[in-house]
Amino acid sequence: VSTQSTWDFCAMIASLARQGKHFRVLQRGMSIISKEAPPAAKETDISSKYTIYDHTYDAVVVGAGGAGLRTAFGLAEAGFKTACISKLFPTRSHTVAAQGGINAALGNMHQDDWRWHFYDTVKGSDWLGDQDAIHYMCKEAPAAVLELESYGMPFSRSKDGKIYQRAFGGGSKNFGKGGQAYRCAAVADRTGHSMLHTLFGRALAYDCVFFIEYFALDLIMENGVCRGVICLNMADGSIHRFAANQTMIATGGYGRTFFSCTSAHTCTGDGNAMVSRAGLPMEDPEFVQFHPTGIYGAGCLMTEGCRGEGGVLRNSNGERFMERYAPTAKDLASRDVVSRAITIEIMQGRGCGPRKDYMNLHINHLPAATIHEKLPGIAETAMIFAGVDPTKDPIPVLPTVHYNMGGIPTNWKTEVLTQDENGKDKIVPGLLSAGESACASAHGANRLGANSLLDIVTFGRKAALLTQEQYKPGVGIKPLAKDAGFESIKKVERLRTSNGPLSTAHIRLNMQKTMQSYAAVFRKEDILAKGCVELDKVMKTWKDIGITDRGKVWNTDLIEALELENLLLNAKQTINCALLRRESRGAHARDDYPDRDDKNWRKHTLSWLPTVETEKVKVLYRPVIATTLDENEVKPVPPVKRVYQNIGSHLYLSLIHI
């Protein structure tokens, strides 16, 4: 059969299919991955080298990780014309890297209650978390996990066929008085991978349009209202402006501001920087979580699930040193506690290896079958990046940057907030955020392990529900101004043609080394102050950037330069806010201010930095929300000293009111 005959036959089948009565239903029900430019392109008067395409949607979601996908298909399911913009193919989003699991009080391993989960989350946040947001997240958790199961997410199973739940750090029963909780639902040690593929598969069942490998440049703001976003199509260098009633930012964190982190190279805080350039604040950027167990020298994550399955940390003397820092919780204390304990052990000379600069994570006492069933990804990663077989030898680990508790300030409904002239919260119309890019603040000063995957699906769903309450499909979308986003296009052209002496990689490395050296696990006034000065020097080199690729098609040199600008904005706000917060709380540990100060510092930081060239970070504060959504359901947890005590077989937090 000739090739032409084959094509003719295929064309005939396609034609017959289109005439079928079910074709329109199929066509309507499937999602579209946008490949072709829309009609009516026009040259800009800024530069004849760029072509602008205008799009109109009910809602635009920036980011296609867990939060973005859950919002996107929730909106499409409700009939909203929805665009999902991502600089990556959706299944490459960083949600894919989450290992340990998702917290929910399902009660599959023992009696459980979402109110206990609520208590643990407030405690883990070191009382900086907003208790209305924590209330919503923990209450919705069981339904969120069961929804994922209904979508086909293949959770690991207990012997009786229920969703398997493992122990995870900071989890307790009976408000901290009942011992370790087994609350973390998992898919072996690849929970994020499974969740992301499940959500993307679900999204493909709906009529939402994916703009894949489009780089979001800036928000389009008009009189304080978000009107949409402007993007760069990486495939051909064209500019795309999206007008929408609702814009949702779900772009993840900015871990790559540090030299050693578990974050992918794409975690550059793009959404946070877009919001900063729009003249809106960040919240609590100083709170950066160091995961206790990143592979030494590589930073790759060794999930908390290792310790949840029975793994232990030992120093060079072979001691289970966590018994000194958290006598009962031991290796399953909160992440900030374990990270500081490891750092102290190393500083006191009990580190492992020839340089005594890491700890050993032992899972080699567990049955090999358990490791291969429950921790297969860990076994593979340890072999590749540490060169050890974890069934036989310990894994060298060191705390490494893992998560940003701070981000775009939102309320529990995901609406982005700023402050009015009286210092009161003010909602930014048309703008939502969820996931690691946002600060609800459901995690406060320290996130509990396995609450991040919960955060993205509960608040991603909430963003879709809120949009349904506020808008109707196809109603009220105004056209953009003729010159909307032109400043962003000028910036792209300026960077694309830049010829300074410093490469993107050079400036980025200087920024990362500065952050790693001066804003690490332990912080001190003089060190932070010097770090702010050193980072300012790095910021001033931004004007000297030069890239070598002058093309528009897949100009990764240009994209990395745009990402560097975003990283610099996030880094400067982080270290400056860390200098100003004179207390120790959660992940923010000050040697010179070792105690938590609820009287003066139980408040959220708000920081403004609109450009890299702006010399000073503007910093204000807003109160922590210490009330729940409904005290008849769960009462607020008052601040107490975060002291781990050993009482019988139970871990509890000393109930001494400050």
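A residue is called buried when its relative accessible area is under 20%, exposed when that area is over 50%, and partly exposed in between (1.4 Å probe, protein chains only). By this scale Met383, at 46% relative accessibility, counts as partly exposed. The model is a predicted one, in which local features need pLDDT of at least 70 and side-chain atom pairs count only at pLDDT 80 or more, while totals for chains, interfaces and linings use all residues. Residues are numbered from 1 along each chain as its sequence is written, and side-chain values use heavy atoms, with hydrogens and water left out.

Met383 is a handy place to start on the surface. It lies in helix 12 (residues 376-386); helices (H or I, at least four residues) and strands (E, at least two) are DSSP runs, numbered from the N terminus. Together with Ile384 and Phe385, Met383 makes up a nonpolar surface patch with about 320 Å² of accessible area.

Leaving aside residues up to four places away in sequence, the contacts of Ile102 (heavy atoms within 4.5 Å) include Phe155, Cys184, Ala185, Met195 and Leu453. Ala185 is also the bridge partner of Ile102 in strand 7. The open sheet here has three strands in the order 5-7-6, with antiparallel pairing; two strands pair if DSSP finds at least two bridges between them. Strand 5 (102-103) and strand 6 stand at the edges with a single partner strand each, so one side of each has no neighbour in the sheet. Two bridges join strand 5 to strand 7, and four join strand 6 to strand 7 (residues 180-185). One partner pair is Arg166 with Cys184 of strand 7. Eight of the eight residues of strand 6 (residues 165-172) are buried, so this strand is largely enclosed by the rest of the structure.

Helix 14 (residues 486-496) is also largely enclosed, because eight of its eleven residues are buried. Among them are Phe486, Lys491, Glu493 and Arg496, and their cover includes strand 3, helix 7 (270-277) and helix 17 (556-580).

Terms used: Patch = residues over 30% accessible without salt bridge, like charges linked within 9 Å, V, L, I, M, F, W, Y side chains within 5 Å. Areas by Shrake-Rupley, 256 points an atom, 1.4 Å probe, with all protein chains shown as cover. Salt bridge = Lys/Arg side-chain N within 4 Å of Asp/Glu carboxyl O.
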